[in-house]
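These entries record what I looked up in the structure shown below. I began with charged pairs and then turned to the fold, the cores and the surface.

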Amino acid sequence: SNQTQTHTLSDQTQTHTLSDQTLTLSEADGVWIVSHTHLQPLVVLLDDNFYYQSMRYQIQQLARKYGVGFCQVFLQCPLHVCLQRNRCRSQPVPDDVLLQMCERMEPPNEIRNPWEQQSLTLDSTDGIADGHVQKLMDLLASALENPLSPVQDESLQKEADRRICASSVLHQADQTCRRLVSQALTSARQASPDVLKALAKALNELKTVFLQELKKDVLHRVSVFPEEPVDMEKLLMDVSAAFQRHSHEIVSKHVKHD
């Protein structure tokens, strides 16, 4: 959610034993608080999609700033299972939302992102088993025992910052292109349903290719010129102009043939 919320703990709790010490889990509105019954360290579990690694990096940097532990759990599940489960919900979300989420999802990559080394991937296709819970508890224990140091290798930090910059650019470019696709479809709303369907497919294919090429360009730019700040406003203006030019050509082609 883009809104900041204050969470109040519910009265529902679960307990798990780890190394003869008890951890208590309490849930409230997607945020879990894990408290230790003896030394009383505090663990906050953020239950959200965090589909871009840049979103997760912001949390990691916050943990680093205050010298506390950080870890992340990625629930891996096939798209068709997600769609099936969603349809069984009392209030399902549109399938397109899940399709877009699947397309955008960036799983943890500890080789490319050293800061994601404290990550656990669980296959949730068949639900969460007891073994999964134990792995989660082991991960939490490791994070508690290995708090982040406010001072880290500068080269790793700079590399991470460059990738976050590129990810931020691509995220905003993605939003810009989606808005322009919507505008292009609106401009052609008088066309037949078949033409609109073909037009939507062509525009989305253009967006995919466009963003792939932009990603290569941005990653190259921040790698070759790491100290040079990216002019986000100018880049997005250039992206918008180029995408609009190509999308107008596609719209003209499809509407002309209608």
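**Entry 1: salt bridges.** I counted a salt bridge where a side-chain nitrogen of Lys or Arg lies within 4 Å of a carboxyl oxygen of Asp or Glu. With that rule, I found E103, R104, D174, R178 and K207 linked in a network of salt bridges. The model is predicted, so I note its limits: local features need pLDDT of at least 70, side-chain atom pairs count only at pLDDT 80 or more, and totals for chains, interfaces and linings use all residues. Residues are numbered from 1 along each chain as its sequence is written, and side-chain values use heavy atoms, with hydrogens and water left out. Over the whole structure I recorded 6 salt bridges.

**Entry 2: the fold.** I took helices (H or I, at least four residues) and strands (E, at least two) as DSSP runs, numbered from the N terminus. The protein has 7 helices and 6 strands. Along the sequence their order is β-β-β-β-α-β-α-α-β-α-α-α-α. I used contact for heavy atoms within 4.5 Å. Of the contacts with a separation of 6 or more, 63% join residues 24 or more positions apart.

Entry 3: I called a residue buried under 20% relative accessible area, exposed over 50%, and partly exposed in between (1.4 Å probe, protein chains only). K207 is buried, at 2% relative accessible area. Its side chain meets that of E103 in a salt bridge (3.7 Å, N to O). This pair links distant parts of the chain, with K207 in helix α6 and E103 in helix α3, 104 residues apart. K207 also forms a salt bridge with D174 (4.0 Å, N to O). Here the link runs between helix α6 and D174 in helix α5, 33 residues apart.

I then looked at D174 itself, which sits in helix α5 (residues 154-187). Is D174 buried or exposed? D174 is buried, with a relative accessible area of 5%. I also noted a polar contact between the side chains of D174 and R178 (2.9 Å). The term covers a pair of N or O atoms within 3.5 Å; within protein, one must be able to donate a hydrogen and the other to accept it, and residues adjacent in sequence count only if both atoms are side-chain atoms. Leaving out residues up to four places away in sequence, D174 touches Y52, R104, K207 and L211.

Entry 4: E116 and R56 form a salt bridge, their closest N and O atoms being 2.7 Å apart. E116 lies in the loop between α3 and β6 and R56 in helix α1, so the pair ties together parts that are 60 residues apart in sequence. E116 is buried at 1% relative accessibility, and R56 is buried at 8%. P108 is found in the loop between α3 and β6 (119-123). P108 is partly exposed, at 24% relative accessibility. Beyond four places in sequence, the contacts of P108 are R56, Q72, F74, E116 and S119. P108 and Q72 are 36 residues apart in sequence, yet 8.4 Å apart in space, C-alpha to C-alpha.

**Entry 5: the cores.** Buried residues make up 33% of the 258 residues. I defined a nonpolar core as a set of buried Ala, Val, Leu, Ile, Met, Phe, Trp, Tyr and Cys residues joined through side-chain atoms within 4.5 Å. The largest has 24 residues, of which L214, V239 and F243 touch the most other members. Helices α5, α6 (193-224) and α7 (232-257) each supply at least two residues of this core. Outside four places in sequence, F243 is in contact with C177, L180, V181, L203, L206, K207 and F210. A second, separate core of 6 residues includes F70, W115, L148 and I164.

**Entry 6: helix α2.** In helix α2 (residues 79-87), the buried residues are V81, L83 and N86. The cover over them includes α3 (95-104).

**Entry 7: backbone.** F50 has a positive phi, near 45°, and is not glycine. F50 lies in the loop between β4 and α1 (53-65). Most residues other than glycine have a negative phi.
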